[in-house]
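Open the model in your viewer and switch to a cartoon view.

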Amino acid sequence: MVAGGSASVRAQEARRHERELREQLLAAQREARRWEAASEGERKVAAQLLMLTGRGWRLLVDRRWPGTRSANVDMLLVGPGGVFVIDVKNWQAPPGAAEGHLTAGRQRRDGEIGKLLAVTRLAEAAVAALGMSPVAVQPVMVFAGRSFTGELGRVRLLGEREVGPALLAERARLTPPGVRAVADHLAQVFPAYESSALPEEHPGAHGVAPGAPAEALFDLDGLCEAAVEAARSGPIEQWMTFLHPAQLALVRRNWSGPARVSGPAGTGKTVVALHRAAHLAQRTTGRILYVTFASNLPRVQRTFLRTMSPAVADRVEFRSLHAWAQRFLDERGIPHNLHGGKAEDAFSRAWLHLGRHSVLASLDPSPGYWHEEIDRVIKGRGITRFEEYATLRRHRRRTNLRRPHREAVWALYEEYERVRIRRGVHDFNDILALALAEARARPGRSPYAAVIADEVQDLTLVGVRLLHALVGDAPNGLLLVGDGQQAVYPGGFRLSDAGIDVRGDRGQILRTNYRNAREILGAALAVVADDAFDDIDGTRTAGLREVDLAYHGGQVLRSVCRTPAEHDRALLAALRERGEPTWPDSAVLCRSRRETAHYQHLLERAGIPQCSLDRYDGRPVAAVKVGSYRRAKGLEFAHVYLPDHAPPLGPGPADEDIAGERAELERAQLFVAMTRARDTLWLGAVRRTL
Ligand SMILES: Nc1ncnc2c1ncn2[C@@H]1O[C@H](COP(=O)(O)OP(=O)(O)OP(=O)(O)O)[C@@H](O)[C@H]1O
């Protein structure tokens with residue numbers, strides 16, 4: 001570049017710098033005028049918030065409360081950390097917060113909290129029009145001239161000196177265009193307070209024509225697309241701020257009783273359930289119970305909620321249903337003695353004694369099917385009398401068991417119970433049954449404002465009855481989330497058997513898949529295309545479902561090998577080829593525990609860091625996750641490797657229906673594993689298994 005050229009570039013830079021300084025000066029003057037007009041307390045607090053406005057935050061001071069003549073909102077602050085509804089208190093007496101009450105000196109001032117919450121709800125409703133979740137809106141009470149840190153429910157209580165650093169430390173949720181769009185929208189909904197001398201916010205200053213209708217102030221589609229893109233390009237642990245309108249409606253909805261959200265894989269059911277948990281925690285002072293069947297999932301979901309909405313995270317309890325039930329029995333002083341191993345042993349003895357020489361062996365000589373029959377059909381559905389079992393419709397069990405078979409199953413069940421009781425142990429079903437009896441015997445002592453069950457299709461009928469007993473038919477009390485197509489355990493039930501009615505608007509379906517690339521979802525649906533399934537609400541649905549796709553890239557890679565050793569080398573080569581940076585967002589998923597152990601060792605020996613899904617808690621870890629298909633329920637990864645994914649051919653049960661049922665369950669499990677993949681799905685197979 002010639003000398004003259006470089007001087008002209010410097011001159012242009014200087015001019016640009018000068019322009020920026022002028023703009024900053026004008027903005028500072030505007031803000032200064034607003035603060036002069038504000039009350040002394042607001043001025044002091046606004047001065048503290050300067051550090052935020054200098055970093056891309058937008059401050060709306062002294063705004064009118066829509067729908068009222070004279071009520072005002074002290075401040076609305078919009079920044080990377082979200083939306084903050086700020087109420088400034090300039091009290092003579094020192095503020096205090098104890099035992100759920102706000103005080104000024106000795107006087108209770110709880111009404112002030114109520115007012116702030118009411119205006120926060122208005123702000124939530126306003127930003128919902130942009131698809132923004134209520135978790136991104138936080139009420140803050142700031143005490144001018146004080147140093148203070150506390151909280152009452154979802155309201156943060158901060159002193160003048162604490163507020164700036166506290167809000168600055170919030171995790172970034174909004175991009176700069178997002179901040180502008182949200183602030184412009186709020187400026188319209190909460191206009192400048194008429195009786196104040198404060199100048200109006202001029203949206204035009206942010207590049208939008210003054211007087212334009214509210215909808216034109218931002219590009220809603222653009223905002224949603226950007227949010228989807230951010231979610232896709234970010235790490236898997238990415239929490240979300242913007243939801244699809246259909247999802248947001250479910251998060252904020254008022255249900256008059258129990259409700260159900262279903263939808264195919266990857267349609268955001270868990271995202272909705274987590275936002276709903278946070279929303280309900282914001283609206284109530286009670287606790288929210290969030291349960292799943294799998295024991296590893298609650299840890300991951302707890303991490304997600306903590307990231308998404310730390311203010312309410314402590315009031316949402318994440319538990320596997322069985323862990324929760326055991327603690328519940330402890331709290332209520334009900335003796336119990338869960339011992340899975342000894343209970344299994346009791347069944348083996350019963351089988352040796354009664355089962356293997358009975359008519360059951362001619363249908364299926366291996367005890368597994370009959371163990372499931374007792375576990376998921378008889379005890380799982382709370383059947384205690386043979387007459388009930390004799391005529392029971394066995395959902396998701398294809399074999400038509402005639403009376404002699406049912407009598408034989410019942411004899412096996414009774415023998416199992418005898419041995420188990422003699423040994424003084426309980427199985428998992430007993431724990432749920434004891435908890436249900438206790439919850440029914442002493443209702444009204446439940447500390448839960450709401451209960452949310454994720455992956456509900458995997459629970460048993462007794463489990464669902466137990467959750468229902470905790471909240472009954474209270475409005476917004478019970479939310480059941482799940483997808484019958486992803487049932488990975490045998491047997492099933494209908495919600496109506498539990499006395500739960502989710503007809504009409506209380507049963508909602510999500511339809512847009514946000515997770516899987518088209519090719520991946522296509523491959524997964526091909527596996528279950530012919531398997532129509534019965535959902536827990538009683539509807540029969542075809543396996544090949546209509547799904548809208550939000551994402552179109554991705555690929556399916558297939559590797560068919562001649563020997564297991566060649567296959568394992570191919571897996572390692574595929575992992576290495578994709579490269580170390582991809583490993584933290586990769587998972588190797590296996591059909592059984594035994595195979596999981598095999599692939600863990602394989603990766604270890606090859607020097608590829610691995611982390612068991614049993615230990616994974618949703619926080620980023622620099623290792624490939626390894627676990628069984630069942631352990632992968634509810635999770636997702638950018639790259640999923642399914643080694644030796646085709647079930648081996650071998651001698652199966654004599655009964656065709658039982659063989660067909662087993663094969664169908666295996667396909668459902670494979671479908672779940674395949675739909676965990678966002679971008680790449682690697683399918684390994686050994687030719688002997690094809
Ligand atoms: N509105 C949205 N915008 C962008 N991404 C979304 C949206 N909703 C959900 N997602 C993303 O889609 C993926 C699937 O969401 P989620 O796990 O909640 O689906 P799901 O229906 O529970 O899936 P599954 O039943 O297969 O476990 C997640 O990565 C989530 O972040």
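Select helix α2, residues 40-53. This is a predicted model.

What is the order of its 6 strands? Read across: β1-β2-β3-β7-β9-β8. The sheet is open, and its pairing is mixed. At the edges sit β1 (58-64) and β8 (149-152), each pairing on one side only. From one strand to the next, the twist averages 25°.

Zoom in on strands β3 (residues 82-89) and β7 (residues 137-143). They run parallel, joined by 7 bridges. Pick Lys89 and look for its bridge partner: it is Phe143 in β7. Strands of a sheet pair through backbone hydrogen bonds, either parallel or antiparallel.

Now select residues 242-560. UniProt, in an unreviewed entry, places the feature "domain: UvrD-like helicase ATP-binding" here. The span is 44% helix and 13% strand. Its end C-alpha atoms lie 41 Å apart.

Stay inside that selection and pick helix α16 (residues 428-441) and helix α17 (residues 461-471). Their axes are 9 Å apart, at an angle of about 25°. Angles under 35 degrees count as roughly parallel, so α16 and α17 are roughly parallel to each other. Their crossing is left-handed. Show side chains at the contact. From α16, look for residues including Leu432, Leu436 and Arg440. Among those they meet in α17 are Val462, Leu466 and Leu470. The contact residues divide into 9 nonpolar, 1 polar and 2 charged.

Move on to another open sheet of 6 strands, ordered β20-β25-β24-β21-β23-β22. Here the pairing is parallel. Strands β20 (555-561) and β22 (610-612) are the edges. Neighbouring strands are turned by 20° against each other on average, direction ignored.

Select β20 together with β25 (residues 677-686). The two pair in the parallel sense over 7 bridges. Click Val556: its bridge partner in β25 is Leu681.

Helix α18 (residues 518-528) lies across β20 and β25, at about 50° to β20. Helix α20 (residues 593-605) lies across β21 (586-590), β22 and β23 (624-628). It runs at about 160° to β23.

Note on methods:
Residues numbered from 1 in each chain as written. Predicted model: local features only at pLDDT ≥ 70, side-chain atom pairs only at ≥ 80, totals over all residues. Heavy atoms only, no water. Axes fitted to C-alpha atoms, helices over the stretch in contact; angles between N-to-C directions. Helix = DSSP H or I, 4+ residues; strand = E, 2+ residues; numbered from the N terminus. Parallel < 35°, antiparallel > 145°, perpendicular 65-115°, else oblique. Left-handed = near helix turned anticlockwise from the far one by under 90°. Contact = heavy atoms within 4.5 Å. Nonpolar A, V, L, I, M, F, W, Y, C, P; charged D, E, K, R; others polar. UniProt positions renumbered as here; feature names shortened; annotations may be inferred. Pairing = 2+ DSSP bridges.
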